[in-house]
Amino acid sequence: MREFQKRKDNMLIGGVSAAKLAQRFGTPLMVTDENALRENYRAISGAFNAVFPTRVNYACKANTNLAILRILEQEGSCIDAVSIGEVESCLKAGFSPDRILYTGVSVSDEEMRMLVERKVPINVDSVGQLRRLAAIDFQHPISLRVNPDVGSGHSQKVITGTKGAKFGIPKEDIVQAFAEAVRLGFSPKGLHAHTGSGGSDPAVFGKVTEVLVAIFEKVRAELGIDLEFLDIGGGISIPYRPEELRADLGAIATEVAEKLKGSGVKQLVIEPGRYIVADTTVLLTRVNDVKSTPVKEYLLVDAGFNTLIRPAFYDSYHHVAVATKFGEQAQMKYDVAGPLCESGDYLAKERYLPRVDVGDILCVYDVGAYGYSMSSNYNTRPRCAEVLVADRKSFLIREREEIKDLFRLQKIPSRLNK
Ligand SMILES: Cc1ncc(COP(=O)(O)O)c(C=O)c1O
């Protein structure tokens with residue numbers, strides 16, 4: 001959680017008044033602070049490169065806004081992409097293909113053909129996929145994804161590295177998979193694993209590195225392949241609650257570097273998504289109604305799980321403040337709920353806040369990762385706008401959808417028009 005300043009009673013985001021942003025661009029609105037984004041990238045790249053040569057592949061599934069990608073391109077980041085849509089977004093934002101690594105699951109031949117055409121290296125998820133890719137182009141640059149049997153994450157739904165998960169080639173089969181890759185004509189460049197999303201324990205990052213190093217050594221000894229990189233995936237958490245501490249990047253990097261020492265590995269790759277973007281962005285949402293029930297008080301706002309699904313989907317905590325009464329004493333306990341016709345549509349429960357009135361603007365913290373990128377049109381509601389703030393100025397980086405946008409791809413067969 002970042003700290004925010006205020007002017008009079010008004011919260012400032014990157015020096016710009018939240019109330020003014022809400023007034024100018026409407027709500028719900030996601031607001032990203034460019035300085036915070038650059039700071040996060042530099043912090044993680046700096047911490048790892050201080051102890052080992054490290055390439056940072058930003059996991060753009062967290063947030064693919066083109067302006068955000070552009071800033072990270074300028075910072076020197078590389079990319080972890082999981083779909084052709086993400087790849088195209090990154091190419092459009094200025095990344096060269098060699099700065100992108102595609103790691104998909106359930107990958108079609110058509111998608112692989114498009115990646116080959118675009119010269120984007122592929123991190124292969126299964127032996128079946130490897131054989132299908134060989135039939136398309138056995139000279140394409142590849143690496144292999146292993147299931148390391150090391151899992152971690154903030155929710156069962158985001159743990160990817162445990163035995164039996166759908167991702168990667170089982171640990172027991174990975175050396176054979178490298179042998180098969182060579183037999184098919186490939187020259188594999190690396191080995192990848194991802195344990196899951198939302199952890200900060202250095203030991204987990206150390207453990208997955210250990211697994212990868214053991215495979216790296218076996219592949220070299222048994223097959224004579226000298227892999228160029230080991231990719232330990234992403235997953236570094238951020239503090240969503242006021243009492244939580246920031247992940248100790250130095251401790252994680254040092255633990256990983258310790259395991260790499262003496263192995264002969266030349267390059268480490270990391271794939272942080274959340275750490276780079278989560279706390280750069282807040283959601284501004286307007287209070288439409290204040291409702292008292294015999295059991296609780298509701299603040300009914302204009303953003304629901306169509307805009308931010310993490311609380312409803314993962315039971316995630318997002319800190320909430322009243323941007324238009326920022327710093328005022330808490331007086332009331334509220335649940336914050338959205339406009340969707342589902343009782344599970346909420347943003348926050350049992351929060352102590354100043355007394356709120358209709359028209360107040362609430363600020364939901366830390367929505368930069370898996371916020372907009374997981375939003376939807378549920379209840380046929382247009383998606384929100386996005387704004388970037390920099391040097392006390394604001395820039396629209398995504399227009400608010402309009403109702404007419406929701407009709408754009410739909411067709412009524414003419415026989416129904418009679
Ligand atoms: C393969 C892979 N790499 C990186 C990430 C990024 O994780 P995080 O945003 O927690 O850093 C994910 C997230 O699911 C992933 O699946």
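Q: Why are helix 7 and helix 8 called oblique to each other?
A: Keep in mind that this is a predicted model. The axes of helix 7 (residues 174-184) and helix 8 (residues 202-223) cross at roughly 50°. Roughly parallel needs an angle under 35 degrees and roughly perpendicular runs from 65 to 115, so helix 7 and helix 8 count as oblique.

Q: Is the crossing of helix 7 and helix 8 left-handed or right-handed?
A: Right-handed: that is how helix 7 passes helix 8.

Q: How do you know that helix 7 and helix 8 meet?
A: Being in contact takes C-beta atoms within 7 Å. On that basis Ile174, Val175, Phe178, Ala179 and Val182 in helix 7 meet Ile215, Lys218, Val219, Glu222 and Leu223 in helix 8. By class, this contact has 8 nonpolar, no polar and 2 charged residues.

Q: What makes helix 6 roughly parallel to helix 7?
A: Helix 6 (residues 127-137) packs against helix 7 at an angle of about 10°. The cut-off for roughly parallel is under 35 degrees, so the pair gets that label. Val127, Leu130, Arg131 and Ala134 of helix 6 touch Ala177, Glu180, Ala181 and Leu184 of helix 7. Here the classes come out as 6 nonpolar, no polar and 2 charged residues.

Key:
Residues are numbered from 1 along each chain as its sequence is written. This is a predicted model: local features need pLDDT of at least 70, side-chain atom pairs count only at pLDDT 80 or more; totals for chains, interfaces and linings use all residues. Axes are lines fitted to C-alpha atoms, for helices over the stretch in contact, and angles run from 0 to 180 degrees between N-to-C directions. Helices (H or I, at least four residues) and strands (E, at least two) are DSSP runs, numbered from the N terminus. Angles under 35 degrees count as roughly parallel, over 145 as roughly antiparallel, 65 to 115 as roughly perpendicular and the rest as oblique. A crossing is left-handed if the near helix is turned anticlockwise from the far one by less than a right angle, and right-handed if clockwise. Two residues are in contact if their C-beta atoms, placed from the backbone, lie within 7 Å. Ala, Val, Leu, Ile, Met, Phe, Trp, Tyr, Cys and Pro count as nonpolar, Asp, Glu, Lys and Arg as charged, and the others, Gly among them, as polar.
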